[in-house]
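Keep the structure open while you read.

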Amino acid sequence: MMPASSQPTPAREIAERLTALFWKRPGILLALLLAPPLLWLGVVYVGSLIALLWQSFYSIDPFSGVVVREFTLKTYGELLLPQNYDIILRTVTMAAAVTLASAVLAFPIAFYAARFAKGRWKAVFYLGVMLPLWSSYLVKVYAWKLILAKEGIVTWAANGIGAGSLLDAVLSIPVIGGNSLSTSFIGTFTVFVYVWLPYMILPMQASLERVPKSMLEASADLGAGGLRTLWSVTLPLALPGIIAGSIFTFSLTLGDYIIPQIIGNSANFIGMAVYSLQGTAGNIPLAAAFAVIPILIMLVYLAIARRLGAFDAL
Amino acid sequence: MIPAVEFRSVSRHFGAVKAVDKVDLTIEEGSFFAMLGPSGSGKTTCLRLISGFESPTAGEIRIFGEASGAVPPNRRNVNTVFQDYALFPHMNVRDNVAYGLMVKGVGRSARHAKAEEMLALVHLDGFGERKPAQLSGGQRQRVALARALVNEPKVLLLDEPLGALDLKLREAMQDELKSLQQRLGITFVFVTHDQGEALSMADRVAVFADGRVAQVGTPAEIYEQPANRFVADFVGCSNVLPPDQTQRFGGPARWASLRPEAIRLDPGQGGTVRGRVTGLRYLGAATRVVLDCGGHELAAQIPAGAAVPAVGEEVGLGWQVQSLHLMEKE
C-alpha cells in the first residue's frame, strides 16, 4: 500500500502547479514580487513629487489668498524677487560650504578606516560614526545650542585659554558672525557639518575600500609618491563615493528647516520658507516652487559630476 | 660584473610564518630569471622584496650593487607587471602607459609620443583612446607590460603575468615576452607556478619550497639534475627513488630521480626490473603508464605511436645508466 503522505492533497497540488507556472514563466513571479515596491515607488514616491511639481505651476490670488488652479509661471517668477532670491542663494551657499567642509573632514577619517583600521579599530570607527545617528536629531541640535551659546562651554573654554578675543574677532566678521556662536551662520554651519558628517564618511569609506591595493602599488611602482598617488589614483577612484556623500550632505542641508531655526540669526532658508509658506501663509504654490529648487540644483549638480567623469570608474 | 639583483641571506617573516627564509640569490644583468614554486613557497614575496613593497626582516637586497634597504618603491629603478594588471580604470590606455612619465614631469606631447611607441612595441597601436574595461585579458596584459616598460627600468618584475590567460594566448605571450626581453636586453624576473613556462622561457630558474630556494640553475640543470626530491617531483613529475629502491634498481644507496620518459617498456622477459601495469593516462602526445614494481610505484611515459601495454600486463623496465640521476640530499 502507498504511504498516505504521497497522496497529493489539493493544497499541495495547487502549490505544485504554481511552482511549475513560475518556473515556466519567470516573468510572472518577477511581476508579483516587484508589484508592491513599484506601486509604492510609483504612487507614493514619484506621484507625490509630480503633485508637488504640479502645484508649483498654480498661483495664489494676492487679494483673496485663494489658490488659482490655472497653469502659470508667475509663481516661479516670484522666486526671483530679492527677498526670495536671497533665501535660495543663502541656502545654496550654506549647503555648498557644509558639503565642502564635510568632504575635507571626512576624507582622512574614511581613508584611515578603509586603508589602515583593522579588527577592533574598525569596530571603533563604525561605532564612532554611527553612534551620533542613533540619538535624536532634535536633542543633538538643542545640545549644540547650549554648547555654542554665549554662556556655553565654547565661549567659556575660549576665555579660559585666553582666546576670548579671537572668538570675538571671528564673531565680528560681517555676515557669518553674530552676537554669539549660536546666533551666527558659523554656528548654523558647525551644526550642519556635525549632523551630516556621517552621511559623507560612510559612502566615502565604502568607495575607498573598493580601490584595489595593487592599484596604489602600481602607482608607487611607476615612481609616484604618496601625494601624487592620492591625487591621480585614489581620489578619482573614490570619486563616486565622494559624490554620493556630497549628494547626502548637499540635499539634506538644502531641505533642512530645523537647524537654521534653532541655531543662527533666524534668516530664512529654503526649508523654513517652505514650512511657513505652506503653513501660516497658506501659499502652497510658492512653497511648491521653493521645494522644486533643491531638486533642480541636485539634477544640475549630478549632470556636472557626470560630465567631469565622476561615474566613469563605476 | 655587478649582478642586477642580489639576495644576501634575506628573510621575510610574518610573525611565525617564514614566507622567505635565508634566501641567497644572484640574478645576472640581462638574464631572464624565473622564480618557480607552488603557491605559498615565497616566490611572490621575493618579487615584492625586490620592488620594495615588502622589507626584509633580515639580510640585504642589492640592486645593481646598491643596498636597497632604505629605498622606497617609487625610487627604485625596477617596475612590475602585476598579477591582476592593476590598470587604472579611470584613465585610457595611453594615459595608463604614460603614467610613469607624467609622474616624472615629462610634458604631455612627449609622454604621449613615448606611450604610443610603447603601445606599438606590444602590438597595440591605435588602442590609446580605449579604457581598460574595453580590452580583452590579453590586451590588458600587454598594456600592463607597456606601462611597466615606459620608465625604461633596469629590472622588470613579472608576477604570474600569464596566469589569467587561456592556453593558446599564454603560449603566444610566452614567445613574445621572450623575444621582447632579448630585444630590450632588460633583466626580467618572472614569478610562476607553471614549470613548463619557467623551463621554456628562462635562462635561469630558482625553484622555491617553503620560503627557501631548493635549487638554482639553467632549465636543463633543473630538469635533468634535480638537487632533491622536491625539485624532481615539482619540475616534470619525476619518479623519486629512496635509497633502498635505488639500490634495487642497480644504483648506490642514495636518493635518485628517474624521468618517466627515460624508462623503456619491454613486453618480453627482459628489463632491469619487472612491473605490472596498474593505470594508463592518455596525454595526446604521449601515454603515461603507471606501474607497480614490487610495491614501489613508478611512472613511465611512452610516445604516441609506440605500443601501449594493457592494464594488468607484466612488463620489463629498462633505462640507460646515466638516466638514473643521483641526488645530493633527500
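Predicted model: local features only at pLDDT ≥ 70, side-chain atom pairs only at ≥ 80, totals over all residues.

**Where the chains meet**

Start with the contacts. On one side stand 19 residues of chain A, and they touch 24 residues of chain B. How is such a meeting sized? The accessible area lost when parts come together is often used to give the size of an interface. Between chain A and chain B, about 1,800 Å² is buried. Carbon and sulfur atoms give 59% of that area. In chain A, the residues that lose the most area to chain B are Glu217(A), Asp221(A) and Leu222(A). Together they account for 39% of what that side buries.

Polar pairs also cross the interface. The rule finds eight residue pairs in polar contact there, with both residues at pLDDT 80 or more. Which elements of chain A give two or more residues to the side that touches chain B? They are helix H10 (213–221) and helix H11 (226–255) of chain A. H10(A) gives the most, with eight residues. By class, the chain A side has eight nonpolar residues, six polar ones and five charged ones.

How many salt bridges does the rule find across the interface of chain A and chain B? The count is one. Its partners are Glu217(A) and Arg48(B), with their closest N and O atoms 2.8 Å apart. Recall that Glu217(A) is also among the residues of chain A that lose the most area to chain B.

**Chain B as a whole**

Along the principal axes, the C-alpha atoms of chain B fill a box of roughly 80 × 45 × 35 Å. Chain B has 330 residues, and 52% of them are buried. Its accessible surface comes to about 14,600 Å². Carbon and sulfur atoms hold 50% of that surface.

Sequence distance gives another view. Take the contacts in chain B with a separation of 6 or more. Of these, 64% are between residues 24 or more positions apart.

**Salt bridges**

Over all chains, the structure holds 21 salt bridges.

Take the pair within chain A. Glu16(A) and Arg12(A) both lie in helix H1 (residues 10–24) of chain A. They are four residues apart, about one turn of the helix. Glu16(A) has a relative accessible area of 48%, so it counts as partly exposed.

Arg12(B) and Glu54(B) link distant parts of their chain, 42 residues apart. Arg12(B) sits in strand S1 (residues 5–14) of chain B. Glu54(B) sits in the loop between helix H1 (43–51) and strand S4 (58–63) of chain B. Are these two residues buried or exposed? Both Arg12(B) and Glu54(B) are buried.

The partners of the last pair are partly exposed. For Arg62(B), the relative accessible area is 22%. For Glu60(B), the value is 27%.

Finally, some salt bridges share partners. They join Lys213(A), Glu217(A), Arg12(B), Arg48(B) and Glu54(B) into one network.

Definitions and conventions. Residues numbered from 1 in each chain as written. Chains lettered and ligands numbered in written order. Heavy atoms only, no water. Contact = heavy atoms within 4.5 Å. Buried area = accessible area lost by both parts, 1.4 Å probe. Salt bridge = Lys/Arg side-chain N within 4 Å of Asp/Glu carboxyl O. Polar contact = N/O pair within 3.5 Å; in protein donor to acceptor, adjacent residues only side chain to side chain. Nonpolar A, V, L, I, M, F, W, Y, C, P; charged D, E, K, R; others polar. Buried < 20%, exposed > 50% of the residue type's maximum accessible area, 1.4 Å probe, protein only. Areas by Shrake-Rupley, 256 points an atom, 1.4 Å probe, with all protein chains shown as cover.
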